[in-house]
Amino acid sequence: MKLFTAVLATETNTFSPICIDRRGFEASLYAKPGEHPATPTLCSAPLTVGRRVCAEKGWSLVEGTAAWADPAGLVNRQAYESLRDEILEQLRAALPVDGVVLGLHGAMVADGYQDPEGDLLARIRDMVGPDVLVCAELDPHSHLTEKRVAAADFFVVFKEFPHTDFVDRAEDLWRIAVDTLEGRVKPTMSVFDCRMIDVFPTSREPMRSFVDKLHSIEANDNDVLSLSVIHGFMAGDVPEMGTKMIVVTNSKAEKGDRLARSLGLELFANRGRHMMKQLSVDEAVTRAMAAADGPTVIADMWDNPGGGTAGDATVLLSEFIDRGCVGVAFGTIWDPIAVQICMAAGEGAEISLRFGAKSAPGTGSPVDGRVTIVKLVRNAEMRFGESYAPFGDAAHICLNGIDIILNSVRAQSFDPSLFSVMGIDPAQRKILVIKSTNHFQASFSKIASQILYCSAGTPYPNSPADTLYRYAREDIWPMMKKPHG
Ligand SMILES: [Zn+2]
């Protein structure tokens, strides 16, 4: 057997001002064939798991390019086309192959392409013909278009959000691929359109029980090869945005269709109940100030660079300044220009500085003040699980008794070490304000006396019923109250 694998992934928030070109991929992950490291990033586990599976089987695995860009705005047209064509040429040179196993994210939008993954998959299908296995792993925050479903044999999607299971799902993908190539199963994909868009954290109910139920059906029903939920990605303004249920059966299309429908309607029945409770700026600040023990962690949950925003909103900071609060530490506010100015001024300097809120409307106003530059770090990094996440050259400044970390590489607040590397002991602060929707929860919950989720400003289109979409369909909940009649 000879298989081909490649990775092409990013998550495009079409409302984000941060457009990216090839450098956006090269800064996050760009590996030429054979050069991908042994450990995977979020969307490249099909490649690393494939190496092990093919070695065990004695099969040949041809590696193509692996490229991943951190979530941002629109992808440059030439960047997408050049990465796509690179992978297609590598596949053409490898032909004939028995299967193509891809790592995609599924929420890319490029200039001129509302469905780049559909475009890539359709071109691959054209090239290999109808009988070669084509499958991919996807992030649930993606768009499941008809073009993709038509071009691929099956998809496997991360079940967990936070995405702790991307390697496990790549194992599922390969297990089904191996069983297919060895003739034990014939994957048949059923899709149900839930006609909704929502946010589905699996660290809480009702989604926790739903995911557990999916695992239990997979384990107990021999006809079912894989169950996945496409959560959808509300910041991607594309025609087929929305929540979908995927059931992959062993050649049982009718049973798969029925199961996809019943599970999809179960998700729909819980619409609006999946998301954690969100506080206003006033409520969050008041509750944090009233707490006896520290630290209270306030998540500026929608200014999350992990969802493609700039991460420079100042709405919460301005509230703390207006109230004259102290004992607060902010990690992070993205402002590469202000960081450069701080670097030039040097540690210990006191300067007039304008910073933050320059990227987009709805993020507050730039903050002006006399700041003290407490600590400067080049190429700063925070811990992220077993590895490290960079946040670039960074400055710890102090303004009116509030500590603020300015960063130059956009980064979600994954871990309290982002404070300690900048000289702030997070455990000693009354309040920590961070930028992340839910990924922070695992690490910050270990030091937090309480966690407050705050919706501050409108850096992200978090209310689909109010968002001015140009392309997304309007016949889904919550834009439409009763899409299922
Ligand atoms: Zn995701």
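Predicted model: local features only at pLDDT ≥ 70, side-chain atom pairs only at ≥ 80, totals over all residues.

Colleague: How many residues are in the largest nonpolar core?

Modeller: That core has 66 residues, and Leu-8, Phe-25, Val-100 and Phe-155 have the most contacts inside it. Helix α6, residues 166–181, gives the most to this core, with eight residues.

Colleague: And what is Leu-8 in contact with, leaving aside its neighbours within four places in sequence?

Modeller: Its contacts include Phe-25, Ala-67, Tyr-80, Leu-83, Ile-87, Met-108 and Leu-120. Arg-84 and His-105 are also among them.

Colleague: OK, the sheet. What's the strand order?

Modeller: It's an open sheet of six strands, ordered β2-β3-β1-β4-β5-β6, with mixed pairing. The twist averages 20 degrees from one strand to the next.

Colleague: Why is one side of β2 and of β6 left without a neighbour in the sheet?

Modeller: Because β2 (29–31) and β6 (154–157) stand at the edges, each with a single partner strand.

Colleague: How many bridges join β2 to β3?

Modeller: Three, and the two strands run antiparallel. Tyr-30, for one, has Ala-67 in β3 as its bridge partner. Ala-67 is also in contact with Leu-8.

Colleague: Which strands do helices α2 and α4 lie across?

Modeller: Helix α2 (residues 45–57) lies across β1, β3, β4 and β5, at about 165 degrees to β3. Helix α4 (residues 116–128) lies across β1, β4, β5 and β6, at about 170 degrees to β4.

Definitions and conventions. Residues numbered from 1 in each chain as written. Heavy atoms only, no water. Core = buried A, V, L, I, M, F, W, Y, C linked by side-chain atoms within 4.5 Å. Buried < 20%, exposed > 50% of the residue type's maximum accessible area, 1.4 Å probe, protein only. Helix = DSSP H or I, 4+ residues; strand = E, 2+ residues; numbered from the N terminus. Contact = heavy atoms within 4.5 Å. Pairing = 2+ DSSP bridges. Axes fitted to C-alpha atoms, helices over the stretch in contact; angles between N-to-C directions.
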